[in-house]
Amino acid sequence: MATDRPDVLTLLRQRREGGSRFGQRGDPWKLWLVLESGGQAGAILGGFVSALEALGYRDCFDGVVGSSSGAMTGAYFAAGQARMGTTIYAEDNCDGRFINPWRLLIRRPVMDLDYLVDEVMGRVKPLDCGVLQKLDMPVFAVVTRRDGKKRLLPLHGVSAAHVRANMKASARVPLWGSRNLRGHHLWDGCLCEPVPVGSAVEQGATHVLHLSRHDCPLRPYSRMRWVRHVEDMFYRWHIPGVYQALRARQQADVKGVAYMRLFGPQKIGVGCVDKEALWRAIFAAYRHGCVWLGEKEAPLPPMWRL
């Protein structure tokens, strides 16, 4: 058994070439996949995990943890459906049924998570919760408690109803993703840990592959000034614990861990509904992921089309 710690990319290649499977490893390392939050910009992460899936790296990981949209993308990857799940960003989230800012005028949330999770992920492009329920590899969604503390919700080994509820909680942004404060006690994971590298380390990771839409670390609390001002007032008055968590979001601590960060080659906004721009970002991320893995460019999946 090897004792010298390899880097993340070397470990990925060794495991794929050796046909390594979870629970039957020939090495002592724990490699976790980390997917950050990002709303519609999560399409970039979808391109990355689709490259990992297409090139046979899905079984090389010992755990997956994601925050907000990263949790949804991670769930599709863990279920072996990354390429299908990635199409949701461009094909199902751009027609006004998921994101619609005009809903604020009738006191409804901008993002309709019921439509996204129950309709799209449940019926149109169904996430195979049966695979996740039988999965031995841990898959977690990061959520923020009402007091501002972090919590990990499982997407593996639980029923389809629990998977859907946990994904909704991880993407439930107060004010923008939900107006019902009394009925909810778990909120979007991006409020406390937008980059859940720390969660992977807490779960015993020795190696971390962090997929990011940025070419620099996430800047905490870096939205437009007027949006920040609205959120400040709303959170401070209604859920002060979440307000404090937003002001002091956790940063990734990777000390003592072999860590690699794959960042997006193309930038898109968290609320982007430009179908063509989303597809361009997905294609670019897919190709970038293939090159990063040192592989010849894999053909684009037939289901991907502008």
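Colleague: How many aromatic pairs does the count come to?
Modeller: The count comes to six aromatic pairs; rings of Phe, Tyr and Trp (its six-membered ring) pair if their centres lie within 6.5 Å, with planes under 30 degrees apart stacked, over 60 edge-to-face and the rest tilted. One of them is W32 with F140, a stacked pair at 6.3 Å centre to centre and 0° between the planes. This is a predicted model, where local features need pLDDT of at least 70 and side-chain atom pairs pLDDT 80 or more, whereas totals for chains, interfaces and linings use all residues. Residues are numbered from 1 along each chain as its sequence is written, and side-chain values use heavy atoms, without hydrogens and water.

Colleague: Is W32 buried or exposed?
Modeller: W32 is buried, as is F140; buried means under 20% relative accessible area, exposed over 50%, and partly exposed in between (1.4 Å probe, protein chains only). Of the 306 residues in the chain, 55% are buried.

Colleague: Which residues form one aromatic cluster?
Modeller: W279, F283, Y286 and W304 do.

Colleague: Changing topic, how many helices and strands are there?
Modeller: The chain has 11 helices and seven strands.

Colleague: Which residues of α3 meet α4?
Modeller: S69, T73, Y76 and F77 of α3 meet A82, M84, G85, I88 and Y89 of α4, a contact being heavy atoms within 4.5 Å.

Key. Helix = DSSP H or I, 4+ residues; strand = E, 2+ residues; numbered from the N terminus.
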